[in-house]
Amino acid sequence: MVDAPDLKSVVCKDVRVRVPPWAPSEQIINLYHSDPNRDDDENRWNGATTEGEFAHWRGALKSRNAVEVEHILHTHHQHGNLNCSYEHDWNDLRWQKGANLIMNHSSCKDVVVEIGSGSHATVASLVLNKSKIKCYIVCDLVPVLLLAYYNISKNYKTHYVTPGDSLETLIEHNECIMLPHHMASKLYGLNRSVYYNSYSFSEMSNIEIQEYMDIIATTNSRLISENYMTGNGRCHLCNVKYRALEHYIPTQLKIISKNRPTTPAGAGSEVIIAQG
Ligand SMILES: C[S@@+](CC[C@H](N)C(=O)[O-])C[C@H]1O[C@@H](n2cnc3c(N)ncnc32)[C@H](O)[C@@H]1O
């Protein structure tokens, strides 16, 4: 991460290797079925991901319907819930601002970890396209992560993590890594990374937020977080009242800055940067 960079001594990998187009539906179906925790999001948010487009996607995966999976892979960006964009007018600018923040806080020796990219993983694409970071890791719930995997692996060398994998080895050989959220403890093995999160802590349980905070703090990493945790609003999925993110930030993480987002956002939205 950029604090006292000695850029001349840093050797960047030449990572702009294009992978050829691939037939992804079979692989995505297999990844889904080989993961025993693939559906643990079904119990969240009063079952919101068991309905509508989420249910359709999960149904296609569960029934191994390769034609339907292929169809959803090609069309999922049109559906606001499934791609987590909720037709927000400012999304493009918001994602660009997020990517700029990450790029301003990282260099080519850094691993960037995004917690909850959404299926579009736009911020990941923007950073991978412009910046020579060491590796970008996306950590998300399985049904969303599989779509992000499809989108990112079209253009970047990407590995989807399974239980036996070592992140330390994978980051040497890949531009992007897809990490199912239930394997987040693997992140304890990476020191001084840059963590980015936009509007996903606000969807998590206390325990999950605390685990991510503990990973960030104990690995001396940096957190860049845009969330609406302090407003009077409620989670759009579970109707739980937002909680101030600061309540979750452990004392080892020092808040460097706290600002309103540069694009219009819900009441109480804040961009917090903290350092472990
Ligand atoms: C509202 S979307 C935000 C997507 C994107 N960051 C954006 O700003 O457009 C919330 C994201 O958090 C993810 N998420 C929820 N719980 C998570 C968890 N425990 N670990 C990782 N990601 C999680 C969701 O699957 C989704 O991708």
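**Overall picture**

Of the 276 residues of the protein chain, 41% count as buried; a residue is buried if 20 or more other C-beta atoms lie within 10 Å of its own, exposed if 12 or fewer, and partly exposed in between, with C-beta atoms placed from the backbone. This is a predicted model, in which local features need pLDDT of at least 70 and side-chain atom pairs count only at pLDDT 80 or more, while totals for chains, interfaces and linings use all residues. Residues are numbered from 1 along each chain as its sequence is written.

- The secondary structure of the chain comprises eight helices and eight strands; these are DSSP runs numbered from the N terminus, with helices (H or I) of at least four residues and strands (E) of at least two.
- Among contacts between residues at least 6 apart in sequence, 72% join residues at least 24 apart; two residues are in contact if their C-beta atoms, placed from the backbone, lie within 7 Å.

**Packing of H2 and H3**

- Helix H2 (residues 52–62) packs with helix H3 (residues 66–75) at an angle of about 145°, their axes being 8 Å apart. Axes are lines fitted to C-alpha atoms, for helices over the stretch in contact, and angles run from 0 to 180 degrees between N-to-C directions.
- On the H2 side, His56, Trp57, Ala60 and Leu61 meet Glu68, Val69 and Ile72 of H3. By class, this contact has five nonpolar, one polar and one charged residues; Ala, Val, Leu, Ile, Met, Phe, Trp, Tyr, Cys and Pro count as nonpolar, Asp, Glu, Lys and Arg as charged, and the others, Gly among them, as polar.

**Helix H1**

- Ser25, Ile28, Leu31 and Tyr32 are buried in helix H1 (residues 25–33). They cover an arc of only 130° around the axis, which puts them on the same side of H1; the arc is that of the directions from the helix axis to the C-beta atoms.
- Exposed residues Asn30 and His33 are carried on the face of H1 turned away from its buried side.
- The cover over the buried residues of H1 includes H2, H3, helix H6 (142–153) and strand E3 (158–160).

**Helix H8**

- The buried residues in helix H8 (residues 206–218) are Ile209, Tyr212, Met213, Ile215 and Ile216. Their arc of only 160° around the axis puts them on the same side of H8.
- Asn206 and Ile207 are exposed, on the face of H8 turned away from its buried side.
- Strand E1 (111–115), strand E5 (194–198) and strand E6 (222–227) are among the elements covering the buried residues of H8.
- Just after H8, Asn220 takes a positive phi of about 55°.

**Positive phi in loops**

- Most residues other than glycine have a negative phi.
- Ala121 has a positive phi near 50° and is found in the loop between E1 and helix H5 (122–130). This residue is buried, with 28 other C-beta atoms within 10 Å.
- Arg192 has a positive phi of about 50° and lies in the loop between strand E4 (176–180) and E5. Arg192 counts as partly exposed, with 15 C-beta neighbours inside 10 Å.

**Surroundings of Ile102**

- Ile102 is found in helix H4 (residues 91–104) and is buried, with 25 other C-beta atoms within 10 Å.
- Leaving aside neighbours within four places in sequence, Ile102 is in contact with Val112, Val127, Val194, Tyr196 and Ile224.

Note on methods:
The expected span of a helix is 1.5 Å times one less than its number of residues.
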